Structure formats: structure tokens, C-alpha cells
Amino acid sequence: MEYKIKEVLPRIFAVEVGDSYNRAMLFLRSQEFYESPFEDFRGHHFDVFDFMVRYREWKGLDYFSYPEDWGGFNVPGELAEVCTKHAIVGYDMLPTKYDRIMHQIIKDVKAQVPDGEKYYLLGVDSFESSRTMQHELAHGLYYVNGAYKQEMAYLVANLPLDIHHAMRMILIDMGYCDDVIADEIQAYMATGLMANMGEIPGIREELDKFKQVLNNFK
């Protein structure tokens, strides 16, 4: 599997994987460990094939649509370390080839990060500026940059309640867990809305302030 790594902002590392299936499978374990909508997967070590069955049943499809549903990925480096290391050295599961590749990616990234510093991993189709790249970058900043998180958290908390509620319901339906709703709201508001989000009354008048914060910190 071909991939490239680039530090796109301090302590935010993008992993470029052109093939959508390989990109999804590379990040699946760490992404679902971080923010799965399924409580028995989120924060737990799991067999990837068990997740594939659960996801297919949840979607109500006869095939695993995850690589079609999710184009970009983002996860705190420390969480990726924990779940990947367990898959590699644990005795209760067999690692996949993607676990071994992610294990090497983490080693390469950590060699560039000062000891004790937080870092973030992005899974993207291209390093070139795009909506996906900018969206994942917003997540990275929210994690590693305290000042950015403070400003964005303030904007999210001060959204009109009807807009906040409507955004939350859309995100929950998409498969996000409550733990990351504020992070997802700031990322969508700053980098581009899904079509159904754009139909929320009054939401477009709120976008510029989010976009400005992102531009300031980039």
C-alpha cells in the first residue's frame, strides 16, 4: 500500500493514501476506537471483522460501505498508538496488514514530535488544499492548539440553540458520538456544510466567524 506522510502544521501530520478503501481500512481501528457511535467499540479493543459486521447491519446494507461513507479521517496520535499497539502485541486478536502499516506510520511520526507533546493524524486523499483536507486540519488544530480550541468552543457554545440542536441531530444520524459533536460542528462550520446542514435556517449567517478563526490559525 502506498502512502506519504507530511507535517502540514506543527504536530499535525497528514497521511496521504490515494485509494479510498486502503485509506479507510488504515484508519478504521483508530478512528472507531476514538469516536465510534457503538459504545462497545468506542474506547475498546475490537476485531475489525466484528466491526465490519456491525457497521453493515447498522447501515442496513448487504455490503460494507464504510470506505464509501467516509473520505477523510482524524485521530489523536496517542489514541492511535494505544489501539494499534494492542492489535500488534495483544494476545486476543490477530493484527491486520493495516495495523502493521499504521504502527510504522506512528513510529515515523513520533520521531518528529518532541517528547511529551500531543500530535494528531489525518487521513486524506491528497496533500493539496481541498474541502476534505481543510476539514481534517480543523480537527487537528482543535486538538493540538489550545487557543484555537478555546475560540472555536466559544463560537459553538454561542450558536443559537435551534442551530446547535439541528447540527447535533444531523451529526448523530451520520454516526458521530456526543463526545465529538463540538469538534465536528466547528470543523463543518469552518470548512463547508453538508447539504442538509445548509438547510438549517440562519446557519449561513454564522459561518464567517468560524472561517475567520481557522484562517487566522492556519
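The structure is a predicted model, in which local features need pLDDT of at least 70 and side-chain atom pairs count only at pLDDT 80 or more, while totals for chains, interfaces and linings use all residues. Residues are numbered from 1 along each chain as its sequence is written, and side-chain values use heavy atoms, with hydrogens and water left out.

**Overall fold and dimensions**

- The chain contains 11 helices and 4 strands, where helices (H or I, at least four residues) and strands (E, at least two) are DSSP runs numbered from the N terminus.
- The radius of gyration of the chain is 17 Å, which agrees with the value near 17 Å that a compact globule of 218 residues would have; this radius is taken over C-alpha atoms, and the globule rule is 2.2 Å times the number of residues to the power 0.38.
- Of the contacts in the chain with a separation of 6 or more, 63% are accounted for by residues 24 or more positions apart, a contact meaning heavy atoms within 4.5 Å.

**Surface and charge**

- The accessible surface of the chain is about 10,800 Å², and 49% of this area belongs to carbon and sulfur atoms; the areas come from the Shrake-Rupley method with a 1.4 Å probe, and for residues only the protein chains shown count as cover.
- Among the 218 residues, 49% are buried, where buried means under 20% relative accessible area, exposed means over 50%, and partly exposed lies in between (1.4 Å probe, protein chains only).
- The chain carries 22 positive and 35 negative charges, whose mean positions are 3 Å apart; Lys and Arg count as positive and Asp and Glu as negative, while His and the chain ends are not counted, and the place of a charge is taken as NZ of Lys, CZ of Arg, CG of Asp or CD of Glu.

- Helix 9 (residues 181-191) is largely enclosed by the rest of the structure, because 10 of its 11 residues are buried, among them Ile181, Tyr188 and Met189.
- Beyond the residues up to four places away in sequence, Met189 touches Leu159, Met167, Ile203, Glu206, Leu207, Phe210 and Lys211.
- Helix 9 is followed by Gly192, which has a positive phi near 135°.

- Arg11, in the loop between strand 1 (4-9) and strand 2 (12-16), has a positive phi of about 65° although it is not a glycine. Most residues other than glycine have a negative phi.
- Phe13 lies in strand 2 and counts as buried at 0% relative accessibility; its contacts outside the four places on either side in sequence include Ile5, Val109, Tyr120 and Leu121.

**Partly exposed loop residues**

- Leu61 lies in the loop between helix 2 (48-59) and helix 3 (66-69) and is partly exposed, with a relative accessible area of 31%; its C-alpha atom is separated by 37 Å from that of Val144, 83 residues apart along the chain.
- Asp178, in the loop between helix 8 (161-174) and helix 9, is partly exposed at a relative accessible area of 46%, and leaving aside neighbours within four places in sequence, Asp178 is in contact with Arg168 and Ile172.
- Asp178 and Ser36 are 142 residues apart in sequence, yet their C-alpha atoms are 10.0 Å apart in space.
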